[in-house]
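Morning, everyone. I have one model to walk through today. Please have a look at it before I start.

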Amino acid sequence: MRTTIAMAGLLALMPLGLPPYAMTLLTEALIMGLFAMSLDLMVGYARLISFGHAAAYGLGAYTCGNILLHTEIPLPFAVLLSGVFSGFVSIGVAWVCTQATGVSFSMLTLAFGQLLYAVAFKWTDVTGASDGLAGIPRRPGPFGTTFFAGKLGFYYLTMACLFGGFLFARALVRSPFGAVLRGIRENEAKTLSLGYNTRLYKIAVVAASYMLGGMAGALYAPFAGFANTELLFWLLSGQALIMTIVGGTGTLVGPILGAAFFLLVQQQLSIYTDSWALFFGIIFIGFVLFAPEGIFGLARRRRPAESH
Amino acid sequence: MPGLHRRALLVSALASPVVLRHALGETPIKIGMPVALTGPAGEIGAQMRRGAEFWAKHTNAKGGLLGRPIELVIQDTGGDPAACVRKAQDVVERDGCRLLFGMTLSSEALAVVPKLAEWNAVFMSSDNGDGRLTGSSLVPNFFRANTSGPMGTRAVSLYLRQAQYKGFYAIGMDYAWGRNSIGVFKDEVQKAGKNFIGDVYSPIGTKDFSTYITKIRQSGADACFLVLQGDDNAAFLSQARQYRLPDKVQLLTEIVDLNSIAATGEASVGLIGSSRYSYTFPGAANAEFVEMWKKEYNTFPDTFEGEQWQAGLILAAGITKAGSIDADKLRPALENIEIDSIKGHVKIRACDHQGEQQGFMVKVVKKDGVAKPFPELIATFPADQVTPACGKMTYDS
Amino acid sequence: MDFLPFLVTQCLNALSQAALLFFLGCGLTLIFGIMRIVNFAHGAFFMLGAYVGWSAVRWTGNFWLALVAAPLLVGGFGAAFELGILRRLYGRDGHAFLMVTFGLTLIMGEAIRLLWGVEALQVQMPASLSDIVFILDEPFPIYRLFLIGSGIVVGLAIWQFLERTRLGLLIRATSQNAEMVHALGTDVRLVRSAVFGIGCGLAGIGGVFAAPMVTASLGMAPNAVIDTFVIVIIGGMGSFAGSMIGALLVAFVQVFGSYYFPDFAMAFMYLIMLTILVVRPGGLLGKEA
């Protein structure tokens, strides 16, 4: 808990030292961090590898975008509502996907993700089709405050969502619920034989994962002022998975670091060279070969006394 | 691989702002340019970059603007609107750019323009076609130097009034520009009292057009309007030729550019379409530009290279007139500005910031003595017939 | 056009698309079936095949030579990659392959851009194939018929290879029980390299076949990957016959779907994939995963 508070304090002080463009990058890194962390709930703690997590992100983004464009609901509430809505919708998705296990489960998540993409691509009224929703405003409130609409306020809102999500996820995995998840991850048959309805647990963790992922997407929409179908494309799902793995699965913190790393490297590399994708690919392969436990694992290697 | 290394160095040297800054001693005028250098629109973005670099080099050689050198800050967006927003924000915040070029796809531009006011930055578009950018999505800091989608479509439809075709089909890429242009075309055909038989949209990145080609054949149309670009355009033209579609149906296109002619070779001969810029356009200004370009790059300038050059000229005229790059001074200076450009006379309208300019129709021909097929000018239409009324995308007559 | 010629033309269109999809699908399913590797880079190998084919035609002026040379080169590169990198990862869980092949896609995509440039490249069709033939009075390109024929020939060849040759037998055995094959004295690692090479080579030859029709371009890879995955998932990961059925299904749905319901064609395909997965989680002919 102490480390968490220390990190929160450090991040809270960032606006004092960093220039505006770095703050923009940091805000986006935190949003991505929340997204990757939400995936880790499924992947790291229940071994449910999803190739369709972009669906959560896109759902959250479009929901929030529409809420902000067409209603007067204040920004923070719009974000929360969109997250909850994503989680709710995912229950149906999870119910279908958990019919299968292993690779079939992953393929089903991919199918759902792409189906959502294909629908969004055509549903011009709600999604603006391939052009997306532009000019998404940051509505004032609650109580008429415009604090969250500004750069600084939005950054703190993002921070609050990330830490709130982290605390929630951590409480979840440390609870008896989390213990059952670990049981499912290690040996589902055995957990089933112990009398647990593993399918319900799986659906629940997917819903939690989608809720947090949806919240991340909901933060992105007012951040960029923009949402489009690329947010639902399988490439983003793949990137989320990469961020989670590079950061270190099953750690919650690792994926946040992974997301920040991914974004930072992509941004910096593309400034210096057109061939940034090449170096990016090499870095990944390097990670797999030499640092399989990810960034978190690397950090842990250096400080073995650290306990969480 | 020495060739690769040399090429990479050359590319980074060209893009390096250092080269341009040390030519003159003053603080440079920075122009941010988020543009698609990779992805399906990468070829178009590459043209825009070359056009901008050539213009910057040429302007700096004459002393720059307001005595200051021009510095381009070019970033790759991959043709992704979300990345474009990110890159645009980056060049504004990190590099302090107050002026913007680029944004290859209309969807990228539509995503960015709502933020121009917040950044206090002016964007001079050189290739965005979507009519809404000067219509429902217009923002004060947006200016369009180029021919828009509706204007290109209008040139085609004006040409058609004199032609013998009776039934029309249309195929377009399934996004903003495609749908917008076909919508305008349909309106025009019906106004001319001809038959608009139907339309179909192909997803961006479609590789196999066989089913669409069959549909066009089956429709009974004698002409088909194409709103395709980049790789999709090349694939469609190749396959249409393979199915002998042009023998039965005249293909009309909203954009003809040298790159698709090069990519499709013989398959593009006979194509008739609107051209936003071609090196074959008349006039002394264009001849001079083409000469300069050939000397530098040993090739003819393509559509978007020419459009970018024109955009540069207009921006330069506005900055010179305003005596500043500050948005509040630049905006009124650009409104109603007129220049004589490589496409003839161009005037930026105050009401919707669209550049009023002529419309051109070309036909791709193969002539003896010329190695490759090229676009030959077949019709020119005056600006007031081609440019729509203020803020509108359709035409009254 | 009357209905019958239209129907025949569309069916032939679908079959030619299915042939291309089949080249992609059978390679991927082979790799997955034997090595349990989800090869994200499969689309990149397809693209590489197209570009190498373009260069080969340029240098030798001979399309047929390119058809042979390109898959060998692409397959060779694939096998080399397996030897160098993938081989180290077999003890680890599936994540590693995912990351590595994703990384490879990025590297290959950019390398191709650096080597060949951004512009779409036109591959000259051999003169003997560039004409048309009239089927029920409607023109149809001979090249597409050639594609269909090639798909059938390659399909038969692979089937015979798997059934009749020693390597084919080893491959099938390894997919069932790698340890036993190893215990019986075969170097399973060589089998794996061969399979990865063959799978990539198949993707490569698909690229060469596709190039004269669609031009070699940088956008080929991402689109090919998702299409390939859909086919293989529908047909069943690891099932060779399944990849054929998957290819046919997807091609027909795409061709007729985009004709009658262009707005829903994309969604329809994913809906089918979903339905099949729910009813048979392993795909139509796959083993339960």
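I will go through the contacts between chains, then one residue, then some helices of chain C. Keep in mind that this is a predicted model.

Start with chains A and C. The contact takes 35 residues from chain C and 34 residues from chain A. Which elements of chain C supply at least two residues each to that side? They are α4, α9 (220-235) and α11 (265-279) of chain C. The largest share is from α4(C), with 14 residues. By class, the side of chain C that touches chain A has 27 nonpolar, 4 polar and 4 charged residues.

Now chains A and B. Here chain B gives 20 residues and chain A gives 16 residues. On the side of chain B, β2 (70-76), α4 (81-93) and α5 (106-112) of chain B give two or more residues each. Of these, α4(B) has the largest share, 6 residues. The side of chain B that touches chain A divides into 10 nonpolar, 3 polar and 7 charged residues.

Q114(A) sits in helix α5 (residues 102-122) of chain A. Buried or exposed? Q114(A) has 28 other C-beta atoms within 10 Å. The cut-off for buried is 20 or more, so Q114(A) counts as buried. What does Q114(A) touch, leaving out residues up to four places away in sequence? W234(A) in its own chain, plus I226(C) and Y270(C) from chain C. One distance for orientation: the C-alpha atoms of Q114(A) and L48(A) are separated by 18 Å, and the two residues are 66 apart along the chain.

Now into chain C, and helix packing. Two packed helices are described by the angle between their axes and the distance between the axes. Take α2 (residues 42-60) and α4 (residues 95-116) of chain C. Their angle is about 20°, and their axes are 10 Å apart. Angles under 35 degrees count as roughly parallel, so α2(C) and α4(C) are roughly parallel to each other. Their crossing is left-handed. From α2(C), the contact uses A44(C), M47(C), L48(C) and Y51(C). From α4(C), it uses L104(C), T105(C), M108(C), G109(C), I112(C) and W116(C). That contact has 8 nonpolar, 2 polar and no charged residues.

The helix α2(C) also packs on α8 (residues 188-214) of chain C, at an angle of about 50° with axes 7 Å apart. That pair is therefore oblique. The crossing of α2(C) and α8(C) is right-handed. Among the residues that meet are F45(C), F46(C), G49(C) and G53(C) in α2(C), and G204(C), G206(C), G207(C) and A211(C) in α8(C). The contact of α2(C) with α8(C) divides into 12 nonpolar, 6 polar and no charged residues.

Over to you for discussion.

Note on methods
Residues are numbered from 1 along each chain as its sequence is written. Chains are lettered from A and ligands numbered from 1 in the order in which they are written. This is a predicted model: local features need pLDDT of at least 70, side-chain atom pairs count only at pLDDT 80 or more; totals for chains, interfaces and linings use all residues. Helices (H or I, at least four residues) and strands (E, at least two) are DSSP runs, numbered from the N terminus. A residue is buried if 20 or more other C-beta atoms lie within 10 Å of its own, exposed if 12 or fewer, and partly exposed in between; C-beta atoms are placed from the backbone. Two residues are in contact if their C-beta atoms, placed from the backbone, lie within 7 Å. Axes are lines fitted to C-alpha atoms, for helices over the stretch in contact, and angles run from 0 to 180 degrees between N-to-C directions. Angles under 35 degrees count as roughly parallel, over 145 as roughly antiparallel, 65 to 115 as roughly perpendicular and the rest as oblique. A crossing is left-handed if the near helix is turned anticlockwise from the far one by less than a right angle, and right-handed if clockwise. Ala, Val, Leu, Ile, Met, Phe, Trp, Tyr, Cys and Pro count as nonpolar, Asp, Glu, Lys and Arg as charged, and the others, Gly among them, as polar.
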